[in-house]
Amino acid sequence: CYKTNARRIAGILTETYNRALAPSGLNTAQFCLLRNLERLGSGNLTAWAEKTGIERTTMVRDARVLSAGGLIQQLDGRGRVFTLSEKGKETLAQATPLWESAQEKVRAVLGEEDAAALLRIGQKVLQL
């Protein structure tokens, strides 16, 4: 079944990246959120949620956790607009090589052709 296999694959990939990121104190979801906020520069919860592909209500909860950890900060006078804090920038800088190491591990196991196919297939699945 496609769903069962996709779920197993997602679990293995998540665990692989979480183990790699552990020294930074981030998990995979937090790394992705911070990386997307870095790319945005700053963003309100709606734009940030759209960029990351998650529900806005989930983003509200995740933003609370990141804010409590000092990784993001709310910009003054602009509603609920967030940007990375200095600690968030430093943490992301520490985590990025760990993430890249996990990427390389996955690429090494899959090989270049299958790694590219995984990305290609993922893009197709997103159209469902």
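Modeller: This is a predicted model. Start with Leu66. Leaving aside residues up to four places away in sequence, Leu66 touches Gln30, Leu33, Leu34, Trp48, Leu71 and Ile72.

Colleague: What makes a neighbour of Leu66 one that it touches?
Modeller: Heavy atoms within 4.5 Å make a contact. Leu34, Trp48 and Ile72 are among the residues that pass for Leu66.

Colleague: Which residues have the most contacts inside the largest nonpolar core?
Modeller: They are Phe31, Leu34, Leu45, Trp48, Leu66 and Ile72. The core has 23 residues. At least two residues each come from α1, α2, α3 (45–52), α4 (56–68), β3 (81–84) and α5. Helix α5 gives the most, with five residues.

Colleague: Why is it called a nonpolar core?
Modeller: Because its members are buried residues of the nonpolar kinds listed for a core, joined through side-chain atoms within 4.5 Å. In soluble globular proteins, nonpolar side chains tend to be buried together.

Colleague: What is the overall layout of the chain?
Modeller: It has five helices and three strands. From the N terminus on, the order is α-α-β-α-α-β-β-α. The C-alpha trace spans about 50 × 35 × 20 Å along its principal axes. Of the 128 residues, 30% count as buried.

Colleague: How much of the contact count comes from residues 24 or more positions apart?
Modeller: Such residues account for 51% of the contacts with a separation of 6 or more.

Colleague: Now the rings. How many aromatic pairs are there?
Modeller: The count comes to three. Take Tyr17 and Trp99. Their ring centres are 4.3 Å apart and their planes are at 40 degrees.

Colleague: Why is the pair of Tyr17 and Trp99 called tilted?
Modeller: Stacked needs planes under 30 degrees apart, and edge-to-face needs over 60. The planes of Tyr17 and Trp99 are at 40 degrees, so the pair is tilted. Tyr17 is in helix α1 and Trp99 in helix α5, 82 residues apart, and the pair links these distant parts of the chain. Both Tyr17 and Trp99 are buried.

Colleague: And why is the pair of Phe31 and Trp99 called stacked?
Modeller: Their planes are at 15 degrees, with ring centres 4.5 Å apart. The limit for stacked is under 30 degrees. So the pair is stacked.

Colleague: What does the pair of Phe31 and Trp99 tie together?
Modeller: Phe31 lies in helix α2 and Trp99 in helix α5, so the pair ties together parts that are 68 residues apart in sequence. Both residues are buried. Ring pairs link Tyr17, Phe31 and Trp99 into a cluster.

Colleague: How do you know whether Thr28 is buried or exposed?
Modeller: Look at its relative accessible area, which is 13%. Buried means under 20%. So Thr28 is buried. Thr28 is found in helix α2. Not counting residues up to four places away in sequence, Thr28 touches Thr14, Tyr17, Asn18, Leu21 and Trp99.

Colleague: Why does Asn44 count as partly exposed?
Modeller: Its relative accessibility is 35%. Buried is under 20% and exposed is over 50%. The value for Asn44 lies in between, so Asn44 counts as partly exposed. Asn44 is found in strand β1 (residues 43–44).

Colleague: Which residues does Asn44 touch, not counting residues up to four places away in sequence?
Modeller: Arg80 and Val81. Asn44 and Val81 are 37 residues apart in sequence, yet 4.1 Å apart in space, C-alpha to C-alpha.

Colleague: How much space lies in the largest pocket?
Modeller: About 1200 Å³. It is lined by 24 residues, and the closest to its centre are Leu13, Leu118, Leu119, Gly122 and Gln123. α1 (2–21) and α5 (86–125) are the elements that give two or more residues to the lining. α5 gives the most, with 14 residues. By class, the lining has 16 nonpolar, six polar and two charged residues.

Colleague: And the second largest pocket, which helix gives the most to its lining?
Modeller: Helix α2 (residues 28–40), with seven residues. About 380 Å³ of space lies in this pocket. Its lining includes Phe31, Arg35, Asp62 and Trp99. The lining divides into six nonpolar, three polar and three charged residues.

Technical notes
Residues are numbered from 1 along each chain as its sequence is written. This is a predicted model: local features need pLDDT of at least 70, side-chain atom pairs count only at pLDDT 80 or more; totals for chains, interfaces and linings use all residues. Side-chain values use heavy atoms; hydrogens and water are left out. On a 1 Å grid over the protein atoms alone, a cavity is a set of points where a 1.4 Å probe fits but cannot get out, and a pocket is an open set with protein on both sides within 12 Å along at least five of seven lines; lining residues have an atom within 4 Å of a point. Grid points are joined across faces, edges and corners, and a volume is the space filled by probe spheres set on the points. Helices (H or I, at least four residues) and strands (E, at least two) are DSSP runs, numbered from the N terminus. Ala, Val, Leu, Ile, Met, Phe, Trp, Tyr, Cys and Pro count as nonpolar, Asp, Glu, Lys and Arg as charged, and the others, Gly among them, as polar. Buried means under 20% relative accessible area, exposed over 50%, partly exposed in between (1.4 Å probe, protein chains only). Rings of Phe, Tyr and Trp (its six-membered ring) pair if their centres lie within 6.5 Å; planes under 30 degrees apart count as stacked, over 60 as edge-to-face and the rest as tilted.
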